Amino acid sequence: MTSERDEGGGGVEPLERAAWVQAVVAPVGWLVYVGLLLARAGSEPVVSVQYWDLVAWTIGGAVVVSMVANMVLGGSDGTKPDPRDREIDGRAQQIGNSLLVAGALAAMVLAMFDVDGFWIANALYLTFVLSSLLTSIAQIGFRRVGVPGW
């Protein structure tokens with residue numbers, strides 16, 4: 001399914017291209033975080049390692065990489081979102097947010113059981129990444145197949 005907005009992007013709309021970028025960058029950013037965390041820990045338990053700076057830098061880095069990748073791959077075509085775009089975005093956000101709520105509940109359960117803050121923070125970080133990935137997958141699917149009716 002293509003639209004008049006496909007020009008210049010190899011048949012991919014700018015909003016779908018942005019979803020693809022996010023679907024790649026979010027999990028790769030998290031994997032970089034895990035790699036850096038494990039390298040920093042060495043032979044020590046990961047719970048004893050300072051991690052907040054790695055979280056901040058990898059999230060910030062993922063944001064910058066996403067922005068640069070979107071610009072390099074064609075950026076926006078300058079058109080305003082139409083009703084189809086808004087419906088796709090809204091439905092995809094609902095799907096991603098459902099995972100976000102589940103992850104927040106999991107973090108609350110961890111806190112209720114007095115689990116170390118390291119695990120709570122990492123559960124939340126992973127939840128954000130998976131929610132972003134799920135939202136991106138839904139956006140790509142809705143753009144290619146269409147939004148299902150109720």
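In the predicted model, the secondary structure of the protein chain consists of four helices and zero strands. Read from the N terminus, the order of elements is α-α-α-α. The helices considered below are H1 (14–41), H2 (52–72) and H4 (117–145), together with H3 (83–112). The C-alpha trace of the chain spans about 55 × 35 × 20 Å along its principal axes.

The packing of the helices is described next. Two packed helices are described by the angle between their axes and the distance between the axes. For H1 and H2, the angle is about 150° and the axes lie 9 Å apart. Angles over 145 degrees count as roughly antiparallel, so H1 is roughly antiparallel to H2. The crossing of H1 past H2 is right-handed. On the H1 side, the contact is made by Arg17, Ala18, Val21, Gln22, Val25, Gly29, Val32, Tyr33, Leu36, Leu37 and Arg40. On the H2 side, the contact is made by Asp53, Leu54, Val55, Thr58, Ala62, Val65, Ser66, Ala69 and Asn70. Sorted by class, the residues of the contact of H1 with H2 are twelve nonpolar, five polar and three charged.

H1 also packs against H4. The axes of H1 and H4 come within 8 Å and cross at roughly 160°, and the two helices are therefore roughly antiparallel to each other. H1 passes H4 in a left-handed crossing. From H1, the residues that meet H4 are Leu15, Glu16, Ala19, Trp20, Gln22, Ala23, Ala26, Pro27, Gly29, Trp30, Tyr33 and Leu37. Their partners in H4 are Phe118, Asn122, Tyr125, Leu126, Val129, Ser132, Leu133, Ser136, Gln139, Ile140, Arg143 and Arg144. The contact of H1 with H4 contains 15 nonpolar, six polar and three charged residues. Among the H1 residues in this contact are Gln22, Gly29, Tyr33 and Leu37, and these residues also take part in the contact with H2.

H3 and H4 form a further packed pair, with an angle of about 160° and axes 8 Å apart. This angle makes H3 roughly antiparallel to H4. The crossing of H3 and H4 is right-handed. By class, the contact of H3 with H4 comprises 18 nonpolar, eight polar and five charged residues.

The largest pocket holds about 220 Å³ of space. The elements giving two or more residues to its lining are H1, H2 and H4. The lining of the largest pocket is made up of 13 residues, and those nearest the centre of the pocket are Gln22, Ala26, Ile59, Ala62 and Val63. H1 gives the most to this lining, with five residues. Nine of the lining residues are nonpolar and four are polar, while no charged residues are present. Gln22 of H1 and Ala62 of H2 also belong to the contact between these two helices, and Ala26 of H1 belongs to the contact with H4.

The second largest pocket has a volume of about 150 Å³. Its lining consists of Leu15, Ala18, Ala19, Pro81, Asp85, Arg86, Ile88, Asp89, Gln139 and Arg143. H1, H3 and H4 are the elements that give two or more residues to this lining. H3 gives the most to the lining of the second largest pocket, with four residues. By class, this lining has five nonpolar, one polar and four charged residues. Charged residues are thus present in the lining of the second largest pocket, whereas the lining of the largest pocket has no charged residues.

Note on methods: Residues numbered from 1 in each chain as written. Predicted model: local features only at pLDDT ≥ 70, side-chain atom pairs only at ≥ 80, totals over all residues. Heavy atoms only, no water. 1 Å grid on protein atoms, 1.4 Å probe; cavity = no way out; pocket = protein on both sides within 12 Å on 5 of 7 lines; lining within 4 Å. Points joined across faces, edges and corners; volume = space filled by probe spheres on them. Axes fitted to C-alpha atoms, helices over the stretch in contact; angles between N-to-C directions. Parallel < 35°, antiparallel > 145°, perpendicular 65-115°, else oblique. Left-handed = near helix turned anticlockwise from the far one by under 90°. Contact = heavy atoms within 4.5 Å.
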